[in-house]
Amino acid sequence: MTFYLSALVLGLCLSAMGLGIFITMKIFRIPDITTDGSYTLGAAVTAVALVNGWPLPATLAASVAAGALAGVATGLVHTRLHIEALLAGILVMTGLYSINLSVLGRSNIPLVSVDTIFGRLGVFESTVYNELWVGLVFILVLGSLVAYFLRTDFGIAMRATGSSESMTRAMGVDIRRMKVIGLAVANALTALSGFLVAQYQHFTDINMGIGIVLVGLGSVLIGDAVIRWFGIRGIGWQLLTVVVGCILFQMVLAAALSLGVNPNFLKLVTAVCVLAIVGLPRLLQREVR
Amino acid sequence: MIALEGVGKTFNAGGAAEVRALQPTALYLAAGTFLVLVGGNGSGKTTLLDIVSGALPASGGRVLIKGVDVTALPEHRRSRWVARVFQNPLAGTASDLTVLDNFRLAALRTRAKRLVIGVDEAFRRQVRERIAELGLGLEDKLHQPMGALSGGQRQALTLLMSVMDHTDILLLDEPTAALDPHSARMVLRLADRLIAERKLTAIFITHNLSEAMALGSRLIQLDRGRIVRDLDGAAKRALRLEEMQRWFG
(Lines give C-alpha, C1' and ligand atoms only; values in the text may rest on other atoms or scores of the structure.)
Protein backbone atom coordinates (compact mmCIF):
# COMPACT_ATOMS: atom_id res chain seq x y z
CA MET A 1 0.00 0.00 0.00
CA THR A 2 2.76 2.44 0.99
CA PHE A 3 4.55 1.49 -2.22
CA TYR A 4 1.60 2.62 -4.32
CA LEU A 5 1.06 5.72 -2.16
CA SER A 6 4.67 6.66 -2.88
CA ALA A 7 4.00 6.21 -6.60
CA LEU A 8 0.96 8.46 -6.20
CA VAL A 9 3.04 11.15 -4.48
CA LEU A 10 5.73 10.91 -7.16
CA GLY A 11 2.99 11.23 -9.79
CA LEU A 12 1.74 14.39 -8.08
CA CYS A 13 5.28 15.80 -7.89
CA LEU A 14 5.82 15.12 -11.60
CA SER A 15 2.46 16.66 -12.52
CA ALA A 16 4.03 20.12 -12.64
CA MET A 17 6.32 18.84 -15.38
CA GLY A 18 3.29 17.25 -17.07
CA LEU A 19 1.58 20.66 -17.13
CA GLY A 20 4.73 22.15 -18.66
CA ILE A 21 4.84 19.48 -21.36
CA PHE A 22 1.12 20.05 -21.97
CA ILE A 23 1.97 23.68 -22.80
CA THR A 24 4.83 22.85 -25.16
CA MET A 25 3.40 19.73 -26.76
CA LYS A 26 -0.35 20.31 -26.83
CA ILE A 27 -0.49 24.08 -27.07
CA PHE A 28 2.63 24.96 -29.10
CA ARG A 29 3.09 21.53 -30.73
CA ILE A 30 6.78 21.78 -29.91
CA PRO A 31 8.69 18.68 -28.78
CA ASP A 32 10.72 20.37 -26.04
CA ILE A 33 13.64 18.22 -24.93
CA THR A 34 14.91 21.01 -22.63
CA THR A 35 12.76 19.24 -20.02
CA ASP A 36 15.50 16.71 -19.15
CA GLY A 37 17.88 19.54 -18.29
CA SER A 38 15.47 21.98 -16.65
CA TYR A 39 14.07 19.25 -14.38
CA THR A 40 17.56 18.49 -13.05
CA LEU A 41 18.30 22.22 -12.92
CA GLY A 42 15.30 22.79 -10.65
CA ALA A 43 16.43 19.93 -8.42
CA ALA A 44 20.06 21.10 -8.42
CA VAL A 45 19.18 24.67 -7.47
CA THR A 46 16.86 23.31 -4.75
CA ALA A 47 19.54 21.05 -3.29
CA VAL A 48 22.25 23.71 -3.25
CA ALA A 49 19.90 26.36 -1.85
CA LEU A 50 18.54 24.11 0.92
CA VAL A 51 21.99 22.84 1.90
CA ASN A 52 23.11 26.46 2.17
CA GLY A 53 20.18 27.27 4.46
CA TRP A 54 18.00 29.25 2.06
CA PRO A 55 14.37 29.60 3.14
CA LEU A 56 11.87 27.51 1.16
CA PRO A 57 10.14 30.45 -0.65
CA ALA A 58 13.50 31.74 -1.90
CA THR A 59 14.51 28.22 -2.94
CA LEU A 60 11.23 27.82 -4.79
CA ALA A 61 11.65 31.17 -6.55
CA ALA A 62 15.24 30.37 -7.54
CA SER A 63 14.27 26.96 -8.97
CA VAL A 64 11.39 28.42 -10.97
CA ALA A 65 13.55 31.28 -12.25
CA ALA A 66 16.31 28.87 -13.28
CA GLY A 67 13.83 26.68 -15.17
CA ALA A 68 12.30 29.73 -16.85
CA LEU A 69 15.74 30.89 -17.97
CA ALA A 70 16.40 27.47 -19.52
CA GLY A 71 13.10 27.81 -21.42
CA VAL A 72 14.00 31.33 -22.54
CA ALA A 73 17.32 29.98 -23.86
CA THR A 74 15.55 27.32 -25.94
CA GLY A 75 12.96 29.86 -27.07
CA LEU A 76 15.58 32.35 -28.22
CA VAL A 77 17.62 29.70 -30.05
CA HIS A 78 14.42 28.52 -31.77
CA THR A 79 12.84 31.87 -32.64
CA ARG A 80 15.84 34.17 -33.17
CA LEU A 81 18.26 31.74 -34.81
CA HIS A 82 15.46 29.91 -36.64
CA ILE A 83 16.70 26.54 -35.43
CA GLU A 84 14.16 23.68 -35.23
CA ALA A 85 12.56 23.53 -31.78
CA LEU A 86 13.68 19.92 -31.33
CA LEU A 87 17.32 20.76 -32.05
CA ALA A 88 17.13 23.94 -29.95
CA GLY A 89 15.91 21.85 -27.01
CA ILE A 90 18.63 19.26 -27.50
CA LEU A 91 21.29 21.99 -27.63
CA VAL A 92 20.09 23.67 -24.44
CA MET A 93 19.58 20.32 -22.67
CA THR A 94 23.14 19.30 -23.53
CA GLY A 95 24.50 22.62 -22.30
CA LEU A 96 22.44 22.35 -19.13
CA TYR A 97 24.23 19.12 -18.15
CA SER A 98 27.44 21.11 -17.58
CA ILE A 99 25.54 23.93 -15.90
CA ASN A 100 23.77 21.49 -13.58
CA LEU A 101 27.09 19.88 -12.72
CA SER A 102 28.52 23.32 -11.94
CA VAL A 103 25.52 24.19 -9.77
CA LEU A 104 25.76 20.89 -7.85
CA GLY A 105 29.56 20.99 -7.61
CA ARG A 106 29.58 17.19 -7.67
CA SER A 107 27.45 14.43 -9.16
CA ASN A 108 24.88 14.33 -6.33
CA ILE A 109 23.82 16.08 -3.13
CA PRO A 110 21.92 14.21 -0.39
CA LEU A 111 19.18 16.16 1.41
CA VAL A 112 19.01 14.11 4.58
CA SER A 113 19.24 16.65 7.36
CA VAL A 114 17.50 19.59 5.69
CA ASP A 115 13.96 20.76 6.36
CA THR A 116 11.93 19.97 3.22
CA ILE A 117 8.58 21.32 2.06
CA PHE A 118 6.99 17.98 3.02
CA GLY A 119 8.20 18.32 6.60
CA ARG A 120 7.39 22.04 6.81
CA LEU A 121 3.80 21.85 5.55
CA GLY A 122 2.93 18.44 6.96
CA VAL A 123 -0.15 18.06 9.18
CA PHE A 124 -0.18 14.29 9.76
CA GLU A 125 1.86 11.96 11.95
CA SER A 126 2.61 9.65 9.04
CA THR A 127 5.33 10.78 6.64
CA VAL A 128 3.68 9.31 3.57
CA TYR A 129 0.35 11.01 4.34
CA ASN A 130 2.17 14.32 4.77
CA GLU A 131 3.85 13.82 1.42
CA LEU A 132 0.50 13.02 -0.16
CA TRP A 133 -1.12 16.06 1.46
CA VAL A 134 1.62 18.45 0.38
CA GLY A 135 1.67 16.97 -3.13
CA LEU A 136 -2.11 17.36 -3.43
CA VAL A 137 -2.17 20.93 -2.12
CA PHE A 138 0.77 21.87 -4.32
CA ILE A 139 -0.72 20.52 -7.51
CA LEU A 140 -4.17 21.91 -6.67
CA VAL A 141 -2.75 25.42 -6.27
CA LEU A 142 -0.45 25.08 -9.28
CA GLY A 143 -3.14 23.54 -11.51
CA SER A 144 -5.56 26.34 -10.58
CA LEU A 145 -2.95 28.97 -11.39
CA VAL A 146 -2.11 27.40 -14.77
CA ALA A 147 -5.83 26.98 -15.60
CA TYR A 148 -6.46 30.64 -14.73
CA PHE A 149 -3.43 31.71 -16.76
CA LEU A 150 -4.57 29.81 -19.86
CA ARG A 151 -8.09 31.25 -19.60
CA THR A 152 -6.91 34.87 -19.48
CA ASP A 153 -6.72 37.03 -22.61
CA PHE A 154 -2.97 36.39 -22.67
CA GLY A 155 -3.55 32.66 -22.28
CA ILE A 156 -6.05 32.66 -25.16
CA ALA A 157 -3.43 34.36 -27.35
CA MET A 158 -0.90 31.73 -26.25
CA ARG A 159 -3.25 28.84 -27.05
CA ALA A 160 -4.13 30.39 -30.41
CA THR A 161 -0.43 30.66 -31.31
CA GLY A 162 -0.06 26.90 -31.44
CA SER A 163 -3.35 26.44 -33.26
CA SER A 164 -2.93 28.96 -36.10
CA GLU A 165 0.15 31.15 -36.32
CA SER A 166 -1.18 33.08 -39.32
CA MET A 167 -4.40 33.97 -37.52
CA THR A 168 -2.63 34.85 -34.29
CA ARG A 169 -0.14 37.14 -36.04
CA ALA A 170 -3.02 38.86 -37.82
CA MET A 171 -4.60 39.38 -34.39
CA GLY A 172 -1.64 41.43 -33.22
CA VAL A 173 0.30 38.76 -31.35
CA ASP A 174 4.09 38.62 -31.55
CA ILE A 175 4.48 34.90 -32.23
CA ARG A 176 8.19 34.75 -31.42
CA ARG A 177 7.76 36.49 -28.09
CA MET A 178 4.81 34.26 -27.26
CA LYS A 179 6.82 31.09 -27.95
CA VAL A 180 9.67 32.27 -25.73
CA ILE A 181 7.24 33.05 -22.91
CA GLY A 182 5.50 29.69 -23.38
CA LEU A 183 8.77 27.77 -23.21
CA ALA A 184 9.79 29.78 -20.15
CA VAL A 185 6.54 28.95 -18.36
CA ALA A 186 6.76 25.27 -19.36
CA ASN A 187 10.32 24.87 -18.16
CA ALA A 188 9.60 26.81 -14.97
CA LEU A 189 6.88 24.23 -14.28
CA THR A 190 9.33 21.42 -15.05
CA ALA A 191 11.87 22.92 -12.65
CA LEU A 192 9.09 22.97 -10.04
CA SER A 193 8.85 19.21 -10.38
CA GLY A 194 12.60 19.04 -9.84
CA PHE A 195 12.12 21.21 -6.73
CA LEU A 196 9.52 18.79 -5.35
CA VAL A 197 11.15 15.49 -6.34
CA ALA A 198 14.55 16.48 -4.93
CA GLN A 199 12.91 17.07 -1.54
CA TYR A 200 10.69 14.01 -1.82
CA GLN A 201 13.60 11.69 -2.65
CA HIS A 202 16.00 13.54 -0.30
CA PHE A 203 18.69 13.83 -2.93
CA THR A 204 19.57 15.43 -6.24
CA ASP A 205 21.56 13.52 -8.82
CA ILE A 206 23.06 14.86 -12.03
CA ASN A 207 21.45 12.01 -14.00
CA MET A 208 17.97 12.22 -12.46
CA GLY A 209 16.56 14.03 -15.51
CA ILE A 210 17.68 11.54 -18.14
CA GLY A 211 14.59 10.37 -20.01
CA ILE A 212 12.21 12.31 -17.73
CA VAL A 213 10.71 14.02 -20.79
CA LEU A 214 9.42 10.61 -21.83
CA VAL A 215 7.58 10.25 -18.52
CA GLY A 216 5.98 13.66 -19.03
CA LEU A 217 5.18 12.85 -22.63
CA GLY A 218 3.57 9.54 -21.71
CA SER A 219 1.52 11.25 -19.01
CA VAL A 220 0.26 13.94 -21.38
CA LEU A 221 -0.59 11.27 -23.96
CA ILE A 222 -2.58 9.32 -21.37
CA GLY A 223 -4.38 12.57 -20.56
CA ASP A 224 -4.91 13.14 -24.28
CA ALA A 225 -6.55 9.73 -24.61
CA VAL A 226 -8.87 10.59 -21.68
CA ILE A 227 -9.67 13.95 -23.34
CA ARG A 228 -10.65 12.19 -26.58
CA TRP A 229 -12.63 9.41 -24.90
CA PHE A 230 -14.75 11.83 -22.88
CA GLY A 231 -14.74 14.74 -25.36
CA ILE A 232 -13.32 17.07 -22.72
CA ARG A 233 -13.13 20.70 -23.85
CA GLY A 234 -12.61 22.95 -20.81
CA ILE A 235 -8.98 23.86 -20.27
CA GLY A 236 -9.22 23.19 -16.52
CA TRP A 237 -10.46 19.64 -17.15
CA GLN A 238 -7.75 19.08 -19.73
CA LEU A 239 -5.11 20.04 -17.16
CA LEU A 240 -6.72 17.64 -14.69
CA THR A 241 -6.33 14.81 -17.21
CA VAL A 242 -2.61 15.60 -17.38
CA VAL A 243 -2.35 15.20 -13.60
CA VAL A 244 -4.32 11.94 -13.84
CA GLY A 245 -1.96 10.85 -16.62
CA CYS A 246 1.11 11.56 -14.46
CA ILE A 247 -0.33 9.54 -11.57
CA LEU A 248 -1.42 6.64 -13.81
CA PHE A 249 1.99 6.51 -15.43
CA GLN A 250 3.73 6.22 -12.06
CA MET A 251 1.21 3.58 -10.99
CA VAL A 252 2.01 1.51 -14.07
CA LEU A 253 5.73 1.73 -13.30
CA ALA A 254 5.06 0.82 -9.67
CA ALA A 255 2.96 -2.14 -10.78
CA ALA A 256 5.79 -3.27 -13.06
CA LEU A 257 8.24 -3.13 -10.17
CA SER A 258 5.91 -4.95 -7.81
CA LEU A 259 5.53 -7.67 -10.45
CA GLY A 260 9.24 -8.29 -10.13
CA VAL A 261 10.64 -6.30 -13.04
CA ASN A 262 14.32 -5.59 -12.48
CA PRO A 263 14.70 -1.87 -11.54
CA ASN A 264 17.54 -1.71 -14.09
CA PHE A 265 14.87 -2.11 -16.74
CA LEU A 266 12.73 0.77 -15.45
CA LYS A 267 13.74 3.15 -18.28
CA LEU A 268 13.00 0.40 -20.79
CA VAL A 269 9.60 -0.16 -19.19
CA THR A 270 9.00 3.62 -19.40
CA ALA A 271 9.89 3.66 -23.09
CA VAL A 272 7.69 0.63 -23.81
CA CYS A 273 4.78 2.22 -21.91
CA VAL A 274 5.04 5.43 -23.97
CA LEU A 275 5.39 3.38 -27.16
CA ALA A 276 2.23 1.48 -26.23
CA ILE A 277 0.33 4.70 -25.48
CA VAL A 278 1.39 6.26 -28.79
CA GLY A 279 1.34 3.14 -30.95
CA LEU A 280 -1.71 1.18 -29.81
CA PRO A 281 -4.38 3.76 -30.71
CA ARG A 282 -2.80 4.15 -34.18
CA LEU A 283 -2.69 0.41 -34.63
CA LEU A 284 -6.33 0.07 -33.55
CA GLN A 285 -7.35 2.94 -35.82
CA ARG A 286 -5.73 1.17 -38.79
CA GLU A 287 -7.59 -2.02 -37.86
CA VAL A 288 -10.90 -0.14 -37.84
CA ARG A 289 -10.16 1.31 -41.31
CA MET B 1 -5.43 55.36 -46.58
CA ILE B 2 -2.95 52.96 -48.26
CA ALA B 3 -0.02 54.15 -50.33
CA LEU B 4 2.52 51.91 -52.03
CA GLU B 5 5.50 53.88 -53.32
CA GLY B 6 7.68 51.84 -55.67
CA VAL B 7 6.94 48.68 -53.74
CA GLY B 8 8.27 45.47 -55.27
CA LYS B 9 9.07 41.95 -54.24
CA THR B 10 11.75 39.61 -55.52
CA PHE B 11 12.11 36.12 -54.10
CA ASN B 12 15.57 34.47 -54.02
CA ALA B 13 17.15 37.70 -55.24
CA GLY B 14 20.42 37.12 -57.04
CA GLY B 15 19.98 33.35 -57.00
CA ALA B 16 19.29 30.91 -59.80
CA ALA B 17 15.65 30.66 -58.71
CA GLU B 18 15.05 34.43 -58.63
CA VAL B 19 11.37 35.35 -59.06
CA ARG B 20 10.13 38.93 -59.46
CA ALA B 21 6.71 38.44 -57.93
CA LEU B 22 5.84 42.14 -57.89
CA GLN B 23 7.48 44.81 -60.04
CA PRO B 24 8.07 48.20 -58.37
CA THR B 25 4.49 49.42 -58.01
CA ALA B 26 2.85 52.71 -57.13
CA LEU B 27 -0.68 52.47 -55.79
CA TYR B 28 -2.84 54.81 -53.75
CA LEU B 29 -6.13 53.81 -52.18
CA ALA B 30 -8.28 56.56 -50.70
CA ALA B 31 -10.20 55.82 -47.49
CA GLY B 32 -13.35 53.83 -48.20
CA THR B 33 -12.07 52.38 -51.48
CA PHE B 34 -13.17 48.81 -52.13
CA LEU B 35 -10.52 47.50 -54.51
CA VAL B 36 -11.02 44.25 -56.36
CA LEU B 37 -7.78 42.62 -57.54
CA VAL B 38 -7.86 40.13 -60.39
CA GLY B 39 -5.11 38.34 -62.28
CA GLY B 40 -3.89 34.89 -63.22
CA ASN B 41 -1.94 32.60 -60.94
CA GLY B 42 1.45 34.06 -60.12
CA SER B 43 0.42 37.57 -61.15
CA GLY B 44 1.39 39.01 -57.76
CA LYS B 45 -2.03 39.52 -56.15
CA THR B 46 -1.34 37.70 -52.90
CA THR B 47 2.20 39.11 -52.77
CA LEU B 48 0.74 42.63 -52.91
CA LEU B 49 -1.74 41.77 -50.16
CA ASP B 50 1.00 40.20 -48.03
CA ILE B 51 3.14 43.31 -48.39
CA VAL B 52 0.26 45.53 -47.24
CA SER B 53 -0.47 43.26 -44.25
CA GLY B 54 3.22 42.92 -43.37
CA ALA B 55 3.25 39.14 -43.82
CA LEU B 56 5.97 39.67 -46.44
CA PRO B 57 8.64 42.36 -46.33
CA ALA B 58 8.91 44.41 -49.52
CA SER B 59 12.18 44.14 -51.45
CA GLY B 60 12.05 47.86 -52.10
CA GLY B 61 9.86 50.96 -51.80
CA ARG B 62 7.65 52.24 -48.99
CA VAL B 63 4.28 51.21 -47.58
CA LEU B 64 2.22 53.92 -45.90
CA ILE B 65 -1.00 53.43 -43.96
CA LYS B 66 -2.87 56.56 -42.92
CA GLY B 67 0.29 58.51 -43.70
CA VAL B 68 2.45 56.39 -41.38
CA ASP B 69 5.44 54.62 -42.92
CA VAL B 70 4.85 51.01 -41.89
CA THR B 71 7.43 49.46 -44.24
CA ALA B 72 9.54 48.15 -41.36
CA LEU B 73 6.62 47.13 -39.13
CA PRO B 74 5.95 43.39 -38.79
CA GLU B 75 2.48 41.98 -39.43
CA HIS B 76 1.41 41.86 -35.79
CA ARG B 77 2.12 45.56 -35.35
CA ARG B 78 0.20 46.53 -38.49
CA SER B 79 -2.84 44.76 -37.09
CA ARG B 80 -3.86 48.04 -35.39
CA TRP B 81 -5.03 49.17 -38.84
CA VAL B 82 -5.34 45.97 -40.83
CA ALA B 83 -7.69 43.00 -40.48
CA ARG B 84 -7.40 40.02 -42.77
CA VAL B 85 -9.52 37.16 -44.05
CA PHE B 86 -7.47 34.29 -45.46
CA GLN B 87 -8.26 32.08 -48.43
CA ASN B 88 -8.21 29.01 -46.21
CA PRO B 89 -10.66 29.21 -43.29
CA LEU B 90 -8.22 27.03 -41.32
CA ALA B 91 -5.60 29.77 -41.50
CA GLY B 92 -7.95 32.51 -40.30
CA THR B 93 -9.23 30.80 -37.17
CA ALA B 94 -7.74 28.78 -34.32
CA SER B 95 -9.29 25.30 -34.71
CA ASP B 96 -8.52 24.11 -31.16
CA LEU B 97 -10.05 27.15 -29.49
CA THR B 98 -13.76 27.63 -28.98
CA VAL B 99 -15.72 30.04 -31.13
CA LEU B 100 -15.91 32.34 -28.10
CA ASP B 101 -12.15 32.32 -27.51
CA ASN B 102 -11.55 33.06 -31.20
CA PHE B 103 -13.84 36.06 -30.92
CA ARG B 104 -12.14 37.19 -27.72
CA LEU B 105 -8.78 37.28 -29.47
CA ALA B 106 -10.34 39.12 -32.41
CA ALA B 107 -11.86 41.67 -30.04
CA LEU B 108 -8.36 42.42 -28.75
CA ARG B 109 -6.67 42.74 -32.14
CA THR B 110 -5.54 46.32 -31.54
CA ARG B 111 -5.19 46.01 -27.78
CA ALA B 112 -2.92 44.37 -25.20
CA LYS B 113 -3.67 40.77 -24.27
CA ARG B 114 -3.56 41.01 -20.48
CA LEU B 115 -3.56 38.49 -17.66
CA VAL B 116 -7.26 38.95 -16.97
CA ILE B 117 -10.23 36.79 -17.90
CA GLY B 118 -12.07 38.86 -20.46
CA VAL B 119 -14.68 36.30 -21.50
CA ASP B 120 -17.53 37.31 -19.20
CA GLU B 121 -21.31 37.26 -19.56
CA ALA B 122 -21.40 40.68 -21.25
CA PHE B 123 -18.86 39.56 -23.85
CA ARG B 124 -20.70 36.28 -24.38
CA ARG B 125 -23.94 38.20 -25.02
CA GLN B 126 -22.19 40.59 -27.42
CA VAL B 127 -20.73 37.72 -29.47
CA ARG B 128 -24.02 35.80 -29.43
CA GLU B 129 -25.88 38.85 -30.79
CA ARG B 130 -23.28 39.46 -33.52
CA ILE B 131 -23.30 35.84 -34.63
CA ALA B 132 -27.11 35.64 -34.51
CA GLU B 133 -27.22 38.33 -37.23
CA LEU B 134 -25.72 35.78 -39.63
CA GLY B 135 -28.82 33.64 -39.34
CA LEU B 136 -26.79 30.42 -39.40
CA GLY B 137 -27.71 29.24 -35.92
CA LEU B 138 -24.11 29.45 -34.80
CA GLU B 139 -24.95 31.56 -31.75
CA ASP B 140 -25.66 28.30 -29.91
CA LYS B 141 -22.20 26.94 -30.72
CA LEU B 142 -20.09 29.48 -28.83
CA HIS B 143 -18.43 26.80 -26.73
CA GLN B 144 -17.69 24.44 -29.61
CA PRO B 145 -14.18 24.25 -31.02
CA MET B 146 -13.86 26.33 -34.18
CA GLY B 147 -12.52 23.19 -35.88
CA ALA B 148 -15.93 21.52 -35.55
CA LEU B 149 -17.55 24.02 -37.94
CA SER B 150 -17.72 23.83 -41.72
CA GLY B 151 -15.48 25.93 -43.97
CA GLY B 152 -18.31 28.26 -44.90
CA GLN B 153 -19.36 28.76 -41.29
CA ARG B 154 -15.77 29.44 -40.28
CA GLN B 155 -15.24 31.92 -43.08
CA ALA B 156 -18.42 33.80 -42.14
CA LEU B 157 -17.23 33.93 -38.52
CA THR B 158 -13.76 35.07 -39.66
CA LEU B 159 -15.40 38.00 -41.40
CA LEU B 160 -17.30 38.92 -38.27
CA MET B 161 -14.11 38.51 -36.24
CA SER B 162 -12.30 40.93 -38.52
CA VAL B 163 -14.62 43.73 -37.42
CA MET B 164 -14.86 42.79 -33.73
CA ASP B 165 -12.25 45.45 -32.98
CA HIS B 166 -11.75 48.77 -34.75
CA THR B 167 -10.22 48.38 -38.20
CA ASP B 168 -9.47 50.74 -41.07
CA ILE B 169 -8.44 48.21 -43.68
CA LEU B 170 -9.85 44.79 -44.56
CA LEU B 171 -7.85 42.42 -46.73
CA LEU B 172 -9.71 39.51 -48.30
CA ASP B 173 -7.59 36.92 -50.07
CA GLU B 174 -9.95 34.78 -52.15
CA PRO B 175 -12.22 34.26 -49.15
CA THR B 176 -14.67 32.15 -51.14
CA ALA B 177 -12.17 29.94 -52.98
CA ALA B 178 -12.57 27.00 -50.61
CA LEU B 179 -16.35 27.29 -50.22
CA ASP B 180 -19.37 25.75 -51.91
CA PRO B 181 -21.49 28.18 -54.02
CA HIS B 182 -24.12 28.72 -51.31
CA SER B 183 -21.53 29.47 -48.61
CA ALA B 184 -19.58 31.64 -51.05
CA ARG B 185 -22.66 33.80 -51.77
CA MET B 186 -23.37 34.17 -48.06
CA VAL B 187 -19.78 35.18 -47.27
CA LEU B 188 -19.68 37.68 -50.15
CA ARG B 189 -22.94 39.33 -49.10
CA LEU B 190 -21.63 39.63 -45.57
CA ALA B 191 -18.29 41.05 -46.70
CA ASP B 192 -20.01 43.62 -48.91
CA ARG B 193 -22.34 44.66 -46.10
CA LEU B 194 -19.59 44.98 -43.48
CA ILE B 195 -17.33 46.99 -45.80
CA ALA B 196 -20.18 49.37 -46.69
CA GLU B 197 -21.52 49.74 -43.14
CA ARG B 198 -18.14 50.42 -41.63
CA LYS B 199 -16.77 52.43 -44.57
CA LEU B 200 -13.69 50.21 -44.66
CA THR B 201 -10.88 50.43 -47.15
CA ALA B 202 -10.80 46.94 -48.60
CA ILE B 203 -8.71 44.89 -51.00
CA PHE B 204 -10.46 41.81 -52.32
CA ILE B 205 -8.67 39.17 -54.39
CA THR B 206 -10.75 36.89 -56.56
CA HIS B 207 -10.46 34.56 -59.54
CA ASN B 208 -14.21 34.68 -59.99
CA LEU B 209 -14.95 37.33 -62.62
CA SER B 210 -18.64 37.55 -61.70
CA GLU B 211 -17.61 38.39 -58.14
CA ALA B 212 -15.15 40.95 -59.50
CA MET B 213 -17.94 42.55 -61.52
CA ALA B 214 -20.45 42.60 -58.69
CA LEU B 215 -18.28 43.93 -55.90
CA GLY B 216 -16.07 46.91 -55.22
CA SER B 217 -15.56 50.49 -56.31
CA ARG B 218 -12.29 49.99 -58.19
CA LEU B 219 -10.82 47.14 -60.23
CA ILE B 220 -7.17 46.38 -60.88
CA GLN B 221 -5.75 43.60 -63.02
CA LEU B 222 -2.27 42.36 -62.29
CA ASP B 223 -0.19 40.42 -64.78
CA ARG B 224 3.33 39.13 -64.14
CA GLY B 225 3.73 41.47 -61.17
CA ARG B 226 2.53 44.62 -62.95
CA ILE B 227 -0.69 46.62 -62.83
CA VAL B 228 -1.97 46.32 -66.38
CA ARG B 229 -5.49 47.72 -65.88
CA ASP B 230 -6.87 50.11 -63.27
CA LEU B 231 -10.59 50.92 -63.55
CA ASP B 232 -12.34 53.44 -61.32
CA GLY B 233 -15.97 53.11 -60.24
CA ALA B 234 -17.56 54.47 -63.43
CA ALA B 235 -15.34 52.44 -65.77
CA LYS B 236 -15.92 49.34 -63.64
CA ARG B 237 -19.69 49.78 -63.82
CA ALA B 238 -19.51 50.13 -67.60
CA LEU B 239 -17.43 46.97 -67.91
CA ARG B 240 -19.07 43.87 -69.39
CA LEU B 241 -18.28 40.34 -68.29
CA GLU B 242 -17.40 39.24 -71.84
CA GLU B 243 -14.88 42.04 -72.13
CA MET B 244 -13.32 41.07 -68.84
CA GLN B 245 -13.11 37.45 -69.89
CA ARG B 246 -11.09 38.57 -72.93
CA TRP B 247 -8.43 40.03 -70.57
CA PHE B 248 -7.56 36.48 -69.66
CA GLY B 249 -7.60 35.18 -73.23
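# Report on a predicted two-chain model

The contact takes 28 residues from chain B and 19 residues from chain A, where two residues count as in contact if their C-beta atoms, placed from the backbone, lie within 7 Å. On the side of chain B that touches chain A, α2 (75-78), α3 (89-92) and α4 (99-107) each supply at least two residues. Helix α4(B) gives the most, with four residues. Sorted by class, this side of chain B has 11 nonpolar, eight polar and nine charged residues. Here Ala, Val, Leu, Ile, Met, Phe, Trp, Tyr, Cys and Pro count as nonpolar, Asp, Glu, Lys and Arg as charged, and the others, Gly among them, as polar.

The model is predicted: local features need pLDDT of at least 70, side-chain atom pairs count only at pLDDT 80 or more, and totals for chains, interfaces and linings use all residues. Residues are numbered from 1 along each chain as its sequence is written, while chains are lettered from A and ligands numbered from 1 in the order in which they are written. The predictor gives the complex an ipTM of 0.91 and a pTM of 0.91. Chain B has an average pLDDT of 93, and 100% of the residues score at least 70; pLDDT is the predictor's confidence in each residue, from 0 to 100.

## Chain A

Chain A has 12 helices and two strands. Helices (H or I, at least four residues) and strands (E, at least two) are DSSP runs, numbered from the N terminus. Read from the N terminus, the elements of chain A follow the order α-α-α-α-β-α-α-α-α-α-β-α-α-α. The radius of gyration of chain A is 19 Å, close to the 19 Å that the globule rule gives for 289 residues, so chain A is as compact as a globular protein of that length. This radius is taken over C-alpha atoms, and the globule rule is 2.2 Å times the number of residues to the power 0.38. Along the principal axes, the C-alpha atoms of chain A fill a box of roughly 55 × 45 × 35 Å.

Of the 289 residues of chain A, 51% count as buried. A residue is buried if 20 or more other C-beta atoms lie within 10 Å of its own, exposed if 12 or fewer, and partly exposed in between, with C-beta atoms placed from the backbone. Among contacts in chain A between residues at least 6 apart in sequence, 79% join residues at least 24 apart.

## Helix α4 of chain B

Seven of the nine residues of α4(B) are buried. They are V99(B), D101(B), N102(B), F103(B), R104(B), L105(B) and A106(B). These buried residues pack against α7 (153-163) of chain A, and also against α5 (121-132) and α6 (151-162) of chain B.

## Strands of chain B

Chain B holds an open sheet of six strands in the order β6-β7-β8-β3-β9-β10, with mixed pairing. Its edge strands are β6 (82-85) and β10 (226-231), each pairing on one side only. Two strands pair if DSSP finds at least two bridges between them.

| Strands | Sense | Bridges |
|---|---|---|
| β7(B) (residues 169-173) and β8(B) (residues 201-205) | parallel | five bridges |
| β1(B) (residues 2-11) and β2(B) (residues 19-29) | antiparallel | seven bridges |
| β1(B) and β4(B) (residues 60-65) | antiparallel | five bridges |

I169(B) stands opposite T201(B) in β8(B). K9(B) has L22(B) in β2(B) as its bridge partner, and A3(B) has L64(B) in β4(B).

## Single residues

L171(B) lies in strand β7 of chain B. Why does L171(B) count as buried? L171(B) is buried because 25 other C-beta atoms lie within 10 Å. Not counting residues up to four places away in sequence, L171(B) touches L49(B), V52(B), S53(B), V82(B), R84(B) and I203(B).

Most residues other than glycine have a negative phi. H202(A) has a positive phi near 60° and is not a glycine. H202(A) sits in the loop between α9 (175-201) and β2 (203-205) of chain A, and is partly exposed, with 15 other C-beta atoms within 10 Å. R224(B) has a positive phi of about 45° although it is not a glycine. The loop between β9 (218-223) and β10 of chain B holds R224(B), which is partly exposed, with 14 other C-beta atoms within 10 Å.
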